[in-house]
Amino acid sequence: MKKILLSYLKKQIILFSILIISNILLIFSTIFLYDVETEAVLYPIFIEVLILILYFLYDFSIFSRKYQNLEILKNNLYTELKKIDKSENIVENKYIDVINKLIEENKKIIEKNRQETKEIIDYYTMWVHQIKTPIAALSFLIENSEDENKKQEEIELFKIEQYVNMVNSYLRLDNNKNDLVIEKIKISEAINNVLKKYAILFFSKNLNIEYTQIDLSIISDQKWLEFILEQIINNAIKYSKKQGVIKIYRKENSLIIEDTGIGISADNLPRIFDKGYTGFNGRKEKKSSGLGLYLTKKTVDKLGFLIDIDSEINKGTRVKISFDKDIIL
């Protein structure tokens with residue numbers, strides 16, 4: 001309110017100055033030049049000042065209301081666009097016409113983007129649904145195959161399935177219709193599910209796992225928690241050398257996943273959560289889509305966790321997922 005009042009006073013400073021100077025001149029001329037009694041002059045000026053004060057209070061209330069309406073409009077520009085009412089000032093009305101026109105154009109752009117986004121989501125949702133048929137067919141053929149490369153074929157098919165699941169998660173992540181299922185989760189159970197799912201990749205690279213059951217339970221969504229663990233463990237496997245070590249352990253209210261892989265350079269670390277950013281290792285190894293850690297960060301934020309990654313080239317990467325004490329059981 002102080003800011004509004006100061007702005008209003010600044011706006012009316014010229015008018016205030018004119019009124020003060022004119023009244024001083026009026027008092028001076030009537031009392032000293034025409035020898036009129038002081039009381040006869042001050043009384044009508046007092047009435048005038050009182051009327052002016054009431055007017056300025058009324059005018060300030062209008063000014064304040066306009067400011068607040070504009071502030072509301074600014075804060076809700078993309079969610080609740082409303083036209084601004086016209087005023088009595090012809091110049092203000094021109095500004096209002098421009099703003100209202102921009103609001104209408106903004107509505108059209110938002111609606112167009114919403115429709116285009118819906119079409120994209122519908123297309124990829126259909127694609128994910130349709131691609132599962134050939135994947136299931138390939139799975140059946142590989143399972144009944146006696147090809148000497150059967151194990152490698154299973155690994156590649158598993159990777160395809162994971163990429164399809166990533167697309168599906170990407171589509172669902174920002175969908176408000178996709179409500180979280182909040183329940184009690186045993187962290188060890190979630191980790192075991194992910195390790196079992198990725199066992200084929202662990203065996204393919206002969207990786208060692210240092211992991212003991214973690215006695216920690218939280219209130220959250222198990223599906224999305226496992227999605228986070230999948231992305232982190234998948235990266236640990238992907239960038240680990242054969243016979244490398246992946247450690248999973250608890251430290252206070254945090255879950256640590258640590259590998260002895262190729263690591264991430266210091267200049268890449270600040271951007272690892274950016275959408276589409278693959279970094280030097282991703283480009284060199286040609287294994288990164290630039291979506292895994294981006295989706296991980298979005299999911300972590302959605303669940304109210306914290307994630308921190310530190311790494312050193314040729315020594316490994318350490319991922320720390322911290323849980324708020326309010327959700328720990």
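Predicted model: local features only at pLDDT ≥ 70, side-chain atom pairs only at ≥ 80, totals over all residues.
1. The structure contains four aromatic pairs. In the pair formed by Trp224 and Phe227, the ring centres are 5.7 Å apart and the planes stand at 80°, so the pair is edge-to-face.

2. Two packed helices are described by the angle between their axes and the distance between the axes. For helix α5 (residues 150-173) and helix α8 (residues 222-238), the angle is about 130° and the axes are 12 Å apart. The arrangement of α5 relative to α8 is therefore oblique. Their crossing is left-handed.

3. On the α5 side, the contact with α8 involves Gln162, Met166, Ser169, Arg172 and Leu173. On the α8 side, Lys223, Trp224, Phe227, Glu230 and Gln231 take part. By class, the residues of this contact are four nonpolar, three polar and three charged.

4. Helix α6 (residues 187-197) also packs with α8, at an angle of about 50° and with the axes 9 Å apart. The two helices, α6 and α8, are therefore oblique to each other. The crossing of α6 with α8 is right-handed.

5. Residues of α6 in this contact include Ile187, Ala190, Ile191 and Val194, while those of α8 include Leu225, Leu229, Glu230 and Ile233. The contact of α6 with α8 comprises eight nonpolar, two polar and four charged residues.

Technical notes:
Residues numbered from 1 in each chain as written. Heavy atoms only, no water. Axes fitted to C-alpha atoms, helices over the stretch in contact; angles between N-to-C directions. Helix = DSSP H or I, 4+ residues; strand = E, 2+ residues; numbered from the N terminus. Parallel < 35°, antiparallel > 145°, perpendicular 65-115°, else oblique. Left-handed = near helix turned anticlockwise from the far one by under 90°. Contact = heavy atoms within 4.5 Å. Nonpolar A, V, L, I, M, F, W, Y, C, P; charged D, E, K, R; others polar. Phe/Tyr/Trp six-rings, centres within 6.5 Å; stacked < 30°, edge-to-face > 60°.
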